[in-house]
Every structure is written in structure tokens, then in C-alpha cells.
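Hi,

Here is the structure I promised to pass on. Have a look at it first, and then read my notes below.

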Amino acid sequence: MALPRLRTVALVAGTALLTRRALRRRIARSPLWPLPALAEPISGHSQRRATSIRRLLITERVAVADGVVQLRLEGAALPRWQPGAHLDLVLPSGLVRQYSLCGDPDDPGTYTVATRLVEGGRGGSREVHEQLQEGAEVEVRGPRNRFPLVEAEAYVFVAGGIGITPILPMLRSLAARGANWRLLYGGRSRGSMPFLDEIEKLGAEGGRVTVVAQDEAGHPDAVAALADIAPGTAVYCCGPEPLMDAVTAALPEGCTLHLERFSAATAGAADSGAFEVELHRSGRTVQVAAGQSVLAAVREELPHVSYSCEQGFCGTCQQRVLEGEIDHRDELLTDDERADSMLICVSRCRGGRLVLDL
């Protein structure tokens with residue numbers, strides 16, 4: 001009787017081994033298994049999420065203005081970057097936040113970021129201020145650049161508060177090569193405006209820098225700053241939404257506008273109605289209420305859908321759209337990507353229905 005038992009045990013073990021191998025192959029073909037595999041799965045495979053995560057050492061932490069700390073991050077063989085680029089910081093809690101690089105692009109072993117403490121914010125800035133200390137390690141992704149410094153005949157920069165961080169490396173670069181540039185820099189007070197001393201020194205010759213502290217002179221006048229600029233001037237703006245709106249409205253004809261936002265652009269309530277989303281591979285349909293994100297509605301059915309910033313910046317929630325007209329509200333996707341995909345944390349539907357590759 002022993003021999004048949006041995007054969008039975010061997011048969012069961014062999015079947016289990018083959019099953020495990022088949023399961024691994026099936027999952028490799030379709031990471032969303034047990035949903036049906038596609039020949040070219042896209043959802044869940046954003047190239048941005050493929051960016052490697054590095055652990056960098058915080059070697060310096062310094063206050064550069066009231067409520068603003070600057071972190072110096074060091075590591076080996078860091079990817080090079082150009083002015084306007086930013087990093088994703090993966091905070092100890094798992095939150096991911098984006099911060100502009102404000103150091104020296106020619107320093108190959110260092111990234112420098114600065115962040116203002118936002119009272120009543122979503123918690124990311126407080127975590128940076130309270131938990132990221134010298135000697136600690138932090139995970140980063142990137143850098144990426146959606147705010148590059150382009151070639152132009154002249155430049156006008158408008159920055160509000162912490163919005164100076166992506167602009168500072170641009171000013172250094174332009175000053176070093178003797179380019180034609182001007183800066184309007186506003187903030188609540190001079191003490192709250194980071195890098196003010198360095199910026200005033202950069203623009204000391206020719207009166208290139210205008211500083212407007214709100215407690216002294218009110219809000220900066222974007223209209224006056226742009227009134228006399230020549231066609232071909234590149235205008236860069238980073239700051240609070242009202243400042244961005246003022247610069248956009250005052251842009252002269254023949255000039256190019258480049259914006260870097262703190263958060264996704266707001267949209268009117270008229271464009272925020274309810275609609276339905278079909279999840280094609282799972283065979284389900286979800287209702288997206290007015291004021292509810294597609295991400296929130298989808299996660300009620302598929303709780304493991306990836307997401308991170310929830311502001312249309314990081315690209316983690318990018319999904320392929322099979323049908324429907326997209327109302328893009330992100331600040332990240334290229335025109336080509338927008339043709340057939342969306343960031344479901346902020347973007348919506350222009351009609352009544354979308355079909356996602358999920």
C-alpha cells in the first residue's frame with residue numbers, strides 16, 4: 001500500500017508546483033489578475049511610476065525664511081536636472097509630495113528643496129518640518145521637469161512666496177550668461193520670503209528685481225510688471241492661484257506664458273456634474289457624483305487602484321480611457337498622453353460616460 005500512497009503524494013505535489021508556476025505566469029501577463037489580460041496592458045503601468053526610488057541622506061536642514069526650511073539631500077550618481085525640475089518626496093507616512101529643486105544643477109551629488117509649513121494643509125508640509133531632520137534618510141523619485149527654462153529674447157518672472165523655488169535656479173543661470181531678465185517677487189513680509197538676499201544681489205545691477213512685501217505695499221501688480229514687455233518675452237509665474245490668474249489675464253500678445261502651480265487648477269462648478277464610469281475589464285459601472293473624484297468612486301469597487309498625490313501632479317493614478325470625452329484638469333500629462341489617458345484623481349468627463357481600462 002505504501003507505493004500507491006507515494007504516487008498520490010508525488011502527483012499532488014507535482015500538480016501544486018505546476019499550478020504555482022502557471023499562476024506566476026498569469027500574474028506576469030496581467031498585473032490586475034484575475035481580470036482579463038490585455039495584449040498591451042497600460043493601466044497601472046505609467047512610465048512615471050517606473051521611475052526608480054532612491055534613498056537620500058539629509059545632510060543639512062536650515063531655515064531660509066519664516067516657516068520655510070531647506071533640505072540638502074545627498075546620494076551617489078544622482079540624475080542631472082535643469083532649472084524648473086522637481087522631486088517627489090516619499091514621506092515617512094507614505095504621502096508623496098512634490099518640491100521644486102532650488103540648488104545647483106551642476107552639483108552631481110546633491111538635491112536641494114525648500115518647503116513652507118502650511119497650517120491647515122493636508123499634512124505633507126508639517127511632516128517635512130517635524131520629521132525630516134539632519135541624519136535621516138528620505139525616499140525620492142525623479143527629478144522631472146514640467147516647467148523648463150526655454151530660449152527667449154527676454155524673460156519676466158513673477159513669483160509669490162515659496163513659488164520662488166523653481167525660479168531661483170533660472171535666475172542664477174540667466175544672470176551667469178548675461179541674459180535680459182526681470183523679476184517681480186511678492187510675499188506676506190520680507191521675513192517670509194525665502195532666498196531674498198541672494199535674489200536682490202543677483203538683480204542688483206539694472207534694477208532687475210522688484211520686491212513687494214504685502215505688509216508694506218500690498219499685493220504685487222502683475223499688470224504693471226507686464227505692461228511694457230516686448231513680443232518674444234517668456235513670462236514665468238509660480239505662486240498662489242490669484243497671482244497666476246492675474247498674470248494670465250495681463251499677458252501681452254506675442255509673449256509666451258509658463259506656469260507652475262502649487263495645486264491642480266480649479267474648475268468651475270458647471271463642469272463638475274455627475275457621470276458614470278464603466279470599468280471595462282472588471283465588468284462594473286460606477287457613478288461619480290458631482291464634487292466626487294473618479295478615483296474615489298473607482299476605489300469603492302477596486303480599492304487597490306494606485307494613487308498618491310491626489311492633485312494631478314505625480315501620475316500614479318494614470319489610467320487608459322477607452323471611450324468618452326475627458327475633461328483634463330491635471331498639470332502633468334503631455335498632449336499625446338491626454339489623447340487616450342487621464343489622471344483619475346482630478347480629471348473628469350465632459351459628457352455623461354467614460355470607459356476605463358480597468
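Before the rest, some housekeeping. This is a predicted model, where local features need pLDDT of at least 70, side-chain atom pairs count only at pLDDT 80 or more, and totals for chains, interfaces and linings use all residues. Residues are numbered from 1 along each chain as its sequence is written, and side-chain values use heavy atoms, with hydrogens and water left out.

Back to Arg80, then. You'll find Arg80 in the loop between β2 and β3 (86–90); helices (H or I, at least four residues) and strands (E, at least two) are DSSP runs, numbered from the N terminus. Beyond its neighbours within four places in sequence, Arg80 is in contact (heavy atoms within 4.5 Å) with Pro105, Asp106 and Pro143. With Asp106 there is a side-chain polar contact of 3.1 Å. By polar contact I mean a pair of N or O atoms within 3.5 Å; within protein, one must be able to donate a hydrogen and the other to accept it, and residues adjacent in sequence count only if both atoms are side-chain atoms. Pro143 is 63 residues from Arg80 along the chain, yet their C-alpha atoms are separated by 8.0 Å.

Ile58 is buried, with a relative accessible area of 1%. Its contacts, leaving aside neighbours within four places in sequence, include Leu71, Arg72, Leu132 and Val138. Arg72 is 14 residues from Ile58 in sequence and 5.7 Å away in space, C-alpha to C-alpha.

Now the sheet. Five strands form an open sheet in the order β9-β8-β7-β10-β11, with parallel pairing (two strands pair if DSSP finds at least two bridges between them). At the edges stand β9 (209–213) and β11 (256–260), each with a single partner strand, so one side of each has no neighbour in the sheet. Further in, β7 and β10 pair over six bridges, and Cys238 in β10 is the bridge partner of Ala159. Helix α3 lies across β7, β8 and β10, running at about 150° to β7; axes are lines fitted to C-alpha atoms, for helices over the stretch in contact, and angles run from 0 to 180 degrees between N-to-C directions.

Then the largest nonpolar core, which has 27 residues. A nonpolar core is a set of buried Ala, Val, Leu, Ile, Met, Phe, Trp, Tyr and Cys residues joined through side-chain atoms within 4.5 Å. Among the members that touch the most others are Phe157, Trp181 and Leu183. β7 (154–160), α3 (167–176), β8 (181–187), α4 (196–202) and β10 (233–238) each supply at least two residues, and α3 gives the largest share, five. A second, separate core of 25 residues includes Phe275 and Leu358.

Finally, the whole chain: nine helices and 18 strands, with 44% of its 358 residues counting as buried. Of the contacts with a separation of 6 or more, 64% are between residues 24 or more positions apart.

Cheers

Technical notes. Buried means under 20% relative accessible area, exposed over 50%, partly exposed in between (1.4 Å probe, protein chains only).
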